[in-house]
Amino acid sequence: MTQKRLIYPEKVRRVPEQFSWIDHRLVRDRYLENLSHAAAALYLMLVTVGDRQGLSYYSDRAVGDLLTMDLPLLAKSRGQLIQGGLLAYRKPLYQVLSLEPVRPVNKPSGDLVPIAAILQQMAGGR
């Protein structure tokens, strides 16, 4: 197992006075897999500039300039985030939304079989 050690202990990341964070569930719950690079960049920018409620207001031009993104790509990226449940938008206000918990997939009901019995059956037992 790899043991983690700080490379630059004097540069340990600390939570800044301003408020912003990236929720680990973006990766763990696979939200990022459904986003284009442009949509992910827009999300990162909005999370970074948003206040405690996830609110920010930047004009399309300002966002486009910051991200080097033309207006059609910005609109498409914003649409992806809205469709993915990550963002709400009412011009000029953006709201980064809370990530919803992943709902468990309904599995067919039936009797549970102990793993030992499955392994024994695979090994040729009865």
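**Contacts, core and helix packing in a predicted model**

In this predicted model, 60% of the contacts with a separation of 6 or more are between residues 24 or more positions apart.

Q: What pattern does the chain follow, read along the sequence?
A: The chain holds five helices and three strands. Read along the sequence, they follow the pattern α-α-β-α-α-β-β-α.

Q: What percentage of the residues of the chain count as buried?
A: The cut-off for buried is under 20% relative accessible area. The chain has 126 residues. Of these, the share that counts as buried is 21%.

Q: Which element gives the largest share of the largest nonpolar core?
A: This core has 19 residues, and Tyr43, Leu46, Leu81 and Leu86 touch the most other members. Helix H2 (37–49), helix H4 (71–83) and strand E3 (93–96) are the elements that give two or more residues to this core. Seven residues, the largest share, come from H2.

Q: Which residues is leucine 46 in contact with, leaving aside its neighbours within four places in sequence?
A: Leu46 is one of the core residues that touch the most other members. Leaving aside neighbours within four places in sequence, the contacts of leucine 46 are Ser56, Leu87, Tyr94 and Val96.

Q: Are H2 and H3 roughly parallel or roughly perpendicular to each other?
A: The axes of H2 and helix H3 (residues 60–67) come within 11 Å. They cross at roughly 110 degrees. Angles of 65 to 115 degrees count as roughly perpendicular. H2 and H3 are therefore roughly perpendicular.

Q: In which hand of crossing does H2 pass H3, left-handed or right-handed?
A: The two axes come within 11 Å of each other. The crossing of H2 past H3 is right-handed.

Q: Is tyrosine 31 buried or exposed?
A: Tyrosine 31 lies in the loop between helix H1 (25–28) and H2. Its relative accessible area is 16%. The cut-off for buried is under 20%, so tyrosine 31 is buried.

Q: What separates the C-alpha atoms of tyrosine 31 and glycine 85?
A: Leaving aside neighbours within four places in sequence, tyrosine 31 is in contact with Arg25, Leu26, Gly84, Leu86, Leu99 and Glu100. Glycine 85 is 54 residues from tyrosine 31 along the chain. Their C-alpha atoms are separated by 9.4 Å.

Methods: Residues numbered from 1 in each chain as written. Predicted model: local features only at pLDDT ≥ 70, side-chain atom pairs only at ≥ 80, totals over all residues. Heavy atoms only, no water. Core = buried A, V, L, I, M, F, W, Y, C linked by side-chain atoms within 4.5 Å. Buried < 20%, exposed > 50% of the residue type's maximum accessible area, 1.4 Å probe, protein only. Helix = DSSP H or I, 4+ residues; strand = E, 2+ residues; numbered from the N terminus. Contact = heavy atoms within 4.5 Å. Axes fitted to C-alpha atoms, helices over the stretch in contact; angles between N-to-C directions. Parallel < 35°, antiparallel > 145°, perpendicular 65-115°, else oblique. Left-handed = near helix turned anticlockwise from the far one by under 90°.
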